[in-house]
Amino acid sequence: MSRPTATKRVPVLRLAGIERHYKEGAGRLNILSGANLSVYPGELVALVAPSGAGKSTLLHVAGLLEKPDAGDVFIDEKPLGELNDANRTIIRRLQIGFVYQFHHLLPEFSALENVMMPQLIRGLSKAEAAKRAAELLSYMRLGERKDHRPSELSGGEQQRVAIARAVANAPRILLADEPTGNLDPTTAHYVFDALAALVRASGLAALIVTHNMDLAERMDRRITLNAGKIVEF
């Protein structure tokens with residue numbers, strides 16, 4: 001009797017042999033040198049490295065904001081290196097969510113309207129966008145604050161709205177750059193709990209830059225950059 005075949009884990013995000021360098025005077029500054037990484041559905045990966053090591057460059061390459069000098073980025077094992085700028089923009093809009101250290105919410109709009117915005121850009125109707133935005137804000141425990149503008153929200157509330165906005169179009173990947181960096185420790189843990197629950201529930205692949213080792217140790221894996229390569233620790 002034959003044994004059942006094990007299901008192969010397929011990464012949502014895969015970086016393969018990524019090289020990235022910049023001109024520095026007459027020479028060249030190597031930032032990423034053969035960087036490899038796989039992030040799987042529902043997984044939180046912490047990227048911890050000193051300033052200048054290439055964390056932002058890695059996020060920009062993974063988020064299709066920069067093209068690598070060599071290597072390729074794969075989403076669901078589809079290579080993206082040959083895509084033109086217009087198609088890269090479409091992939092970013094539909095499959096990648098970004099969260100930054102500062103929330104970057106539009107100040108003149110309510111929390112609900114901020115979460116609706118990427119959906120309206122995608123082409124959803126106002127009614128559909130409002131329904132999903134309200135559901136996401138309720139999930140982030142902000143249902144009663146949905147009509148408040150960013151200036152009327154606390155720092156933790158603003159960042160939870162930013163997370164809801166980042167996943168409004170049901171992306172496959174979440175890239176976060178110090179998402180709790182501006183928050184006090186208690187609020188940072190609360191926001192991280194909300195972020196982690198959302199990643200687990202939706203099967204996102206999350207790559208999160210952080211200097212907070214307490215939060216990094218709560219993630220599934222921790223990686224750093226050493227001489228332009230990704231290493232686990």
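**Helix pair, then strands**

Tutor: Helix α3 (residues 111-122) packs against helix α4 (residues 126-139) at an angle of about 125°, and their axes are 8 Å apart. Keep in mind that this is a predicted model.

Student: How are α3 and α4 oriented to each other, in a word?

Tutor: Oblique. Angles over 145 degrees would count as roughly antiparallel, and 65 to 115 as roughly perpendicular. The angle here is about 125°, so α3 and α4 are oblique to each other.

Student: Is the crossing of α3 and α4 left-handed or right-handed?

Tutor: The α3 and α4 crossing is right-handed.

Student: Which residues in α3 and α4 meet?

Tutor: From α3, A111, L112, V115, M116, Q119 and L120. On the α4 side they meet K126, E128, A129, A130, R132, A133, A134, L136 and L137.

Student: And what is that contact of α3 with α4 by class?

Tutor: Eleven nonpolar residues, one polar and three charged.

Student: Switching to strands. What is the strand order in the open sheet?

Tutor: The order is β6-β7-β8-β3-β9-β10. That is six strands, with mixed pairing. The edges are β6 (96-99) and β10 (229-232), each pairing on one side only. The twist averages 25° from one strand to the next.

Student: Which helices pack on the sheet?

Tutor: Helix α1 (residues 55-62) does, touching β3 (43-47), β6, β7, β8, β9 (221-226) and β10. The α1 direction makes about 155° with that of β7. Helix α6 (residues 185-202) packs on the sheet too, touching β3, β7 and β8. For α6, the angle is about 135° with the direction of β3.

Student: Zoom in on β7 and β8. Do they pair parallel or antiparallel?

Tutor: Parallel, over five bridges. β7 covers residues 173-177 and β8 covers 205-209. As one example, A176 has I208 in β8 as its bridge partner.

Student: Now β1. What sense does the pairing of β1 and β2 have?

Tutor: Antiparallel, with ten bridges between β1 (residues 13-24) and β2 (residues 27-39). H21 sits opposite N30 in β2. The two strands form a hairpin with two residues between them. G25, in that turn, has a positive phi of about 65°.

Student: How many bridges join β1 to β4?

Tutor: Five, and β1 and β4 (residues 70-75) run antiparallel. R14 has F74 as its bridge partner in β4.

Terms used
Residues numbered from 1 in each chain as written. Predicted model: local features only at pLDDT ≥ 70, side-chain atom pairs only at ≥ 80, totals over all residues. Heavy atoms only, no water. Pairing = 2+ DSSP bridges. Helix = DSSP H or I, 4+ residues; strand = E, 2+ residues; numbered from the N terminus. Axes fitted to C-alpha atoms, helices over the stretch in contact; angles between N-to-C directions. Contact = heavy atoms within 4.5 Å. Parallel < 35°, antiparallel > 145°, perpendicular 65-115°, else oblique. Left-handed = near helix turned anticlockwise from the far one by under 90°. Nonpolar A, V, L, I, M, F, W, Y, C, P; charged D, E, K, R; others polar.
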